[in-house]
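Thanks for coming. Please have the sequence and the structure open.

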Amino acid sequence: MNVTVEILYLVSSLLFVLGIRGLTHPESARRGVFLAELGMVFAVAGTVVHPDIKSYVWIIIAGVIGSAIGVAMAALIPMTKMPERIALSHAFGGLAAALVGVCHYYLHGAEHLSHFTMGALGFEVLFGGLTFTGSLMAFGKLQGILSSRNITYPGQNAMNIGLFASALAILIYITVNPGAAFFFYLMLLVAFGLGVLIVLPIGGADMPVVITLLNSYAGLAASATGFVLENNVLIIAGALDGASGFILSIVMSKAMNRSFTNVLFGAFGKVDESATKTQASGAPVREASVGDAAMILSGATSVIVVPGYGMAVAQAQHAVRELAEHLEKSGTSVKYAIHPVAGRMPGHMNVLLAEANIPYEQLHELDEINDEFADTDVCLVVGANDVVNPAAKDNPSSPIYGMPVMNADLARTCIVLKRSMNPGFAGIENELFTKENTVLVFGDAKDTLTKMAEALAS
Amino acid sequence: MSHELIIGLYIFMLAGFIGYGIITGIPPLLHTPLMAFTNAISGISLVGSLVMAGNDASVLTTILGFVAVLAATINVVGGFLITDRMLKMFKKKGGRR
C-alpha cells in the first residue's frame, strides 16, 4: 500500500462529500462543484502513478478524446435536452463499470478471485450492463428515436421477471463457482437484454422514475467496482451516487403516488385505451383567443404559472419570463409552482426557468404553494397536464387518483396553454380543461406567450 | 473473506448513510444539477479504467480499458462542466446576468 496514494484517495473522498453538501443551497453549490473537481484531480493523480500502469499512450488518447467530447456536450446541449444528456451519461457510467469488470475477470480469471470478490464483480457487471442498455433505451425514448408510448406485448412481465430471476441465479452460481467463465459472459448478455426489455414498456411520463433508478444503478455498479479493486474512494463515490438516485426515485414515485413495481411493471399501458375513449366524448371546452387571455391577465393582481413538459418541448421558458416581466411591471405578483414530476426528470422545470433568468425565490414547490391557488386570480398552465388534473383529488376511478396535484382548479380563472385537444401523455381525461372557470388557448406555447406579452404591452 | 472487504462493507454502509443524510437536505430546485453532479462523481470508475487501459496485459483488456476511460472521462469532464453551467443560471432576485 502506497501511503501517499491512500492519502490522496482519502482527501478526494472528503472533497466529494463536502462537494455534494454544497448543493444543499444554490449559494454554495458552485463552490461544491469546485471541491469535487479538486477531489477528482487528486483521485486521478493518485491512480496514474499505479505500478500496474505500464503504458500511457492509450490513456492519454482516450482522455483527450473523452475530454473533448465532454466539453463539447456540456457547452452545446440546450437545457431543454438535459434529460437526454443525463440518460446518456448513465449509459456511459454503466458501460465503464461493466467493461472494467470484464477486464478484471479476463485478467485475473477464476483462480485468483475469492467468492466475495466474484460476487461484487458479478454485481458490477450485471448492474453496469443493465444500466448501459437501459439508459440507451431511455435516451432513445426521450430523443424520439423510439416510441415514447408504452410498448407492450403479451407475457411481457413474465418474461422480464424470468430474465431478472435468471440473471440473479447466474450471479449466485458464478459467485459460488468463479471459474464458470461461460456463465459470467452469459450474465453480461442477459444484463444487456434486461436493460432493453425493462425500459421498453415504460412510457414517457414515467421517465423521471426510470432515470433516477438508472442513476442509482450506475452508482451501485461503481461502488461494486470499488469492492473488486479494493478501492475505498470508488466505494464511497458510488455509494453517494447510489443513495442520490435512490432518494430521487422515491421522491418521484411519491409525487406520482406509485410504487417502483407499479412503474416497472407498468399499469399505465392498460389504462391508455379506455381513457382515450372517454376523452372523445368529453364535455365541451371554452376556447379563448390570445387577446381574451391577455385581457384576463391584465386584470389580475396575482398569477401562478404551472409549467410542464410542454414548456420544454416548445422551448417557451424565455417567453414565460417576458410575459411575467410585463405583468410585474404593472404590479401583478407572479409565482411559479413546480410539481416534482413536471418534465422528464427531477428539477427539469427549475433549470429551464433559471435559464430564462427567473430568480429562484419565485420558484415554489408543490407543498409550499398549493394553498395559495384559492387566493389567486389567474393560474397559467403552460404545457402541464396530469400535475393539474383535479381527478387525482376527487375521482377514485381515475388512474392517477391519489397523486398529489396542483390546486390549479381553485384559482379564480385558469388559463391553459395547449398544443391541441389530444389527450395528455398518460392519455387520461383532464377535468380541469372542461371546468367553468377554465379557458384554453390552443397553439404553440412559445408563440402564444409572446403574443400575449405583446398584447399586454400595447 | 478478507479483512479489507469487511472494511469495504463498513465504508459502503456509512457512505450510504452520509449520502442519504446530505441528499435529503438538497432542495428539489437543484435536483437536476444534483443528478449531473453525482454522475460526474461516480465517473470515478475512471480510476479502475485507467489501470486497465495502461497495464499492457492483453490487446483485449487494452481495448476495453480504452473504451472505459473514454466513457468515464466524458462523464467526469462533461458532468462537472454541465453542472456548473446549470448552477450559474440560478440567480437571486436582482442578480445580474
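**Helix packing and contacts**

To start with a pair in chain B, α3(B) and α4(B) are roughly antiparallel to each other, where roughly antiparallel means an angle over 145 degrees. Before going on, this is a predicted model, in which local features need pLDDT of at least 70 and side-chain atom pairs count only at pLDDT 80 or more, while totals for chains, interfaces and linings use all residues. Residues are numbered from 1 along each chain as its sequence is written, with chains lettered from A and ligands numbered from 1 in the order in which they are written.

Back to the pair. Helix α3 of chain B covers residues 46-54 and helix α4 of chain B covers residues 59-89; they pack at about 150 degrees, with axes 7 Å apart. Helices here are DSSP runs of H or I with at least four residues, numbered from the N terminus. Axes are lines fitted to C-alpha atoms, for helices over the stretch in contact, and angles run from 0 to 180 degrees between N-to-C directions. The crossing is left-handed, that is, the near helix is turned anticlockwise from the far one by less than a right angle, with clockwise giving right-handed.

On the α3(B) side, the residues that meet α4(B) are L46(B), S49(B), L50(B), M52(B) and A53(B). A contact means C-beta atoms, placed from the backbone, within 7 Å. By class, this contact has 10 nonpolar, five polar and no charged residues. Nonpolar covers Ala, Val, Leu, Ile, Met, Phe, Trp, Tyr, Cys and Pro; charged covers Asp, Glu, Lys and Arg; the others, Gly among them, are polar.

Between α3 and α4 of chain B there is a loop, and D56(B) sits in it. D56(B) is not a glycine, yet its phi is positive, about 55 degrees. With 14 other C-beta atoms within 10 Å, D56(B) is partly exposed; the scale is buried at 20 or more, exposed at 12 or fewer, and partly exposed in between.

Next, the contact between the chains. How many residues does each chain put in? Chain B gives 79 and chain A gives 92. Which helix supplies the largest share of the chain B side? That is α4(B), with 28 residues. The chain B side is made of 46 nonpolar, 25 polar and eight charged residues.

One chain A partner of α4(B) is α3(A), residues 57-76; the two axes come within 7 Å and cross at roughly 30 degrees. This crossing is right-handed. Among the residues that meet there are W58(A) and I59(A) from α3(A), and R85(B) from α4(B). The contact divides into 15 nonpolar, seven polar and one charged.

Now the core. The largest nonpolar core has 191 residues, and those with the most contacts inside it are M187(A), V306(A), V381(A) and V382(A). Such a core is a set of buried Ala, Val, Leu, Ile, Met, Phe, Trp, Tyr and Cys residues joined through C-beta atoms within 7 Å. Again α4(B) gives the most, 16 residues. Leaving out residues up to four places away in sequence, M187(A) touches several residues, including G122(A), A167(A) and I174(A).

Last, A391(A), in helix α17 (residues 391-394) of chain A. A391(A) is buried, with 20 other C-beta atoms within 10 Å. E429(A) is 38 residues from A391(A) in sequence and 8.6 Å away, C-alpha to C-alpha.

Note on methods: Helices (H or I, at least four residues) and strands (E, at least two) are DSSP runs, numbered from the N terminus. Angles under 35 degrees count as roughly parallel, over 145 as roughly antiparallel, 65 to 115 as roughly perpendicular and the rest as oblique. Two residues are in contact if their C-beta atoms, placed from the backbone, lie within 7 Å.
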